[in-house]
Amino acid sequence: MGGFTSLYMVMGGYKSMAMIDVLFGMIMIVGVCILLWFTIHEGDGISQITAKLSAINPQLTEAVGPPGLWKLFCLVFLTSVAPFGMPQLVQKFYAIKDKRAVRIGTVASTCLAILIGGIAYFVGATTRLFLSPETTPGAFKDGKPMFDNLMPELLANVVPESLSVLMLLLVLSASMSTLAALVLISSSAVVKDGYAGFVNKDASDRRLTLLMRCASVLFIVVSVVLAAGKFETIVAILSISWGAIGSVFLGPFIWGLFTNWATRLGAIASAIIGLATCLTLYVMGFSSPEAGTIGMIVSLVVNPLVSLLGKRSTASIAMGR
């Protein structure tokens with residue numbers, strides 16, 4: 001995955017990434033649709049799936065199952081709202097050609113989000129139907145499910161081998177798409193914002209392009225090294241980084257995009273306070289979805305408060321003078 005991503009990132013850059021993302025999207029659509037069919041087929045239909053899950057635990061078929069409304073809200077908020085502030089997703093808007101593409105993209109991306117997200121939540125909710133402490137001990141600890149292990153155990157032990165290959169392509173497509181986007185935004189930040197912005201402001205486009213390619217390879221190598229290490233390291237980094245990044249960027253981005261009165265001070269304050277809130281709660285023992293969700297909400301609340309208070313203070317000083 002690292003080698004292939006390096007190849008098309010270095011040779012093609014942003015354009016190749018945008019084109020390959022279309023292919024990845026097609027693979028993901030086909031993959032999740034087949035996974036949905038497999039789940040319903042193996043579960044003998046929706047009604048039987050519901051009945052069997054209820055027999056395992058009646059809470060599994062309630063409108064809000066375990067572990068409760070608050071944690072479910074945090075999970076949905078983190079995975080659905082945080083992407084609004086993710087730099088690697090925001091930068092994809094650079095591929096838009098005109099207003100017509102925006103209208104088409106709005107409908108297409110909404111349908112894709114409903115399809116991918118809906119099937120992912122549905123399949124995840126049915127894993128208890130196919131897994132048990134006796135058949136798949138790797139997914140349970142002391143008889144209780146380990147949520148991060150349910151889907152890997154399902155793909156490794158329940159899904160047929162032929163279908164597992166397609167699922168592997170699905171996971172690789174999603175991973176490579178995210179890796180390429182992160183590498184592009186990271187290398188751009190280091191080379192264009194850092195090097196060209198402060199070190200060598202007169203650097204030529206050719207030199208910047210070369211440095212961007214070198215930085216892309218470097219970031220991918222670092223990713224591969226991390227992936228070759230302990231699995232817990234990646235999970236730990238991912239679990240907090242998603243909420244932390246959202247806590248930094250969500251408030252400034254949303255208020256800056258949809259209002260004309262948000263101030264620079266409000267953006268800085270919301271980013272710093274949102275991040276501090278997220279990290280503090282995480283250190284205190286809150287789960288990563290909870291810490292990230294609260295941090296993002298704080299970021300969204302602080303920005304308008306500081307912006308409006310700052311403007312009132314400025315106006316008061318001006319009137320006093």
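Reply: A residue is called buried when its relative accessible area is under 20%, exposed when it is over 50%, and partly exposed in between, with a 1.4 Å probe and protein chains only. Accessible areas come from the Shrake-Rupley method with a 1.4 Å probe, and for residues only the protein chains shown count as cover. This is a predicted model, in which local features need pLDDT of at least 70 and side-chain atom pairs count only at pLDDT 80 or more, while totals for chains, interfaces and linings use all residues. Residues are numbered from 1 along each chain as its sequence is written, and side-chain values use heavy atoms, with hydrogens and water left out.

The chain has 12 helices and two strands, where helices (H or I, at least four residues) and strands (E, at least two) are DSSP runs numbered from the N terminus. Helix 1 covers residues 2-42 and spans only 34 Å between its end C-alpha atoms, whereas a straight helix of 41 residues would span 60 Å at 1.5 Å a residue; that expected span is 1.5 Å times one less than the number of residues. Helix 1 also has a kink of about 125° centred on glycine 12, the bend at a residue being the angle between axes fitted to the seven residues ending there and the seven starting there.

Just after helix 1 comes aspartate 44, which sits in the loop between helix 1 and helix 2 and has a positive phi near 65° although it is a residue other than glycine. The side chain of aspartate 44 meets that of lysine 52 in a salt bridge, at 3.1 Å from N to O, and a search of the whole structure finds one such bridge (a side-chain nitrogen of Lys or Arg within 4 Å of a carboxyl oxygen of Asp or Glu). Lysine 52 counts as partly exposed because its relative accessibility is 30%.

Further along, valine 64 lies in the loop between helix 2 (46-56) and helix 3, and it is partly exposed at 33% relative accessibility. Together with Leu69, Leu72, Leu75, Val76 and Tyr121, Val64 makes a nonpolar surface patch of about 470 Å². Patches are made of residues with over 30% relative accessible area and no salt bridge, with like charges joined within 9 Å and nonpolar side chains (Val, Leu, Ile, Met, Phe, Trp, Tyr) within 5 Å. Helix 3 (residues 69-80) gives the most to this patch, with four residues; leucine 69, found in helix 3, is exposed because its relative accessible area is 59%.

To set this part against the rest, the C-alpha atoms of valine 64 and aspartate 202 are separated by 58 Å, and those of the chain fill a box of roughly 75 × 50 × 45 Å along the principal axes. Buried residues make up 31% of the 321 residues. Phenylalanine 130, in helix 6 (residues 127-130), is buried because its relative accessible area is 17%. Another positive phi, of about 60°, occurs at aspartate 142, again not a glycine, in the loop between strand 1 (140-141) and strand 2 (144-145); aspartate 142 is exposed, with a relative accessible area of 77%.
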